[in-house]
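Please keep the sequence and the structure in view while reading.

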Amino acid sequence: MVERSLRGMKIGANSLESDEGVAFVERREVKYLCENGHEFDVTLAVDADAPATWECKCGAVAHLVGTGDDDDKKPAKAVRTHWDMLLERRSEEELQVLLDERLALLRSGKLYKRMH
């Protein structure tokens, strides 16, 4: 009975699925250039963001070539350090006064209780 149900069909050779009624998403190709000089295309969906780097077939890192989207990106914010944020709240003279007060307390032993 098993043989009869599989008659005329090659198992695993042909798919019973078809492309009929399948709507493919719009695609675009982006170029990457490898450190070793290899240039290749990667196909992505139109609405997908292209990663800045991609691994080349040789194993090196490839970088995205000519995106043209540089005008749309927001300008990068300047990096603010802790010192910059501190200077927004106090002047250097005020900070020096605070430092002198804390050092005087530390030297006099009043800043921390000793547990001896």
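A contact is taken here to mean heavy atoms within 4.5 Å. With residues up to four places away in sequence not counted, Val 42 touches Arg 28, Glu 29, Val 30, Tyr 32 and Trp 54.

The model is predicted: local features require pLDDT of at least 70, side-chain atom pairs count only at pLDDT 80 or more, and totals for chains, interfaces and linings use all residues. Residues are numbered from 1 along each chain as its sequence is written, and side-chain values rest on heavy atoms, with hydrogens and water left out.

The protein chain contains three helices and four strands, where helices (H or I, at least four residues) and strands (E, at least two) are DSSP runs numbered from the N terminus. Read from the N terminus, the order of these elements is α-β-β-β-β-α-α. Among contacts in the protein chain with a separation of 6 or more, 22% join residues 24 or more positions apart.

The accessible surface of the protein chain, computed by the Shrake-Rupley method with a 1.4 Å probe, amounts to about 11200 Å², and carbon and sulfur atoms account for 52% of this area. Of the 116 residues of the chain, 8% count as buried; buried means under 20% relative accessible area, exposed over 50%, and partly exposed in between (1.4 Å probe, protein chains only).

Which residues make up the largest nonpolar core? A nonpolar core is a set of buried Ala, Val, Leu, Ile, Met, Phe, Trp, Tyr and Cys residues joined through side-chain atoms within 4.5 Å. The largest one has eight residues: Val 30, Tyr 32, Cys 34, Val 42, Leu 44, Cys 56, Ala 60 and Ala 62. Strands β1 (27-34) and β2 (39-45) each supply at least two residues of this core, and β1 provides the largest share, three residues. In soluble globular proteins, nonpolar side chains tend to be buried together.

The aromatic residues complete the picture. Rings of Phe, Tyr and Trp (its six-membered ring) pair if their centres lie within 6.5 Å; planes under 30 degrees apart count as stacked, over 60 as edge-to-face and the rest as tilted. By this rule there are two aromatic pairs. Tyr 32 and Phe 40 are stacked, at 5.9 Å centre to centre with 20° between the planes. Tyr 32 and Trp 54 are tilted, at 5.8 Å centre to centre with 40° between the planes. This second pair links distant parts of the chain, with Tyr 32 in strand β1 and Trp 54 in strand β3 (residues 53-55), 22 residues apart. Tyr 32 counts as buried because its relative accessibility is 0%, whereas Trp 54, at 33%, is partly exposed. Tyr 32, Phe 40 and Trp 54 form one aromatic cluster.
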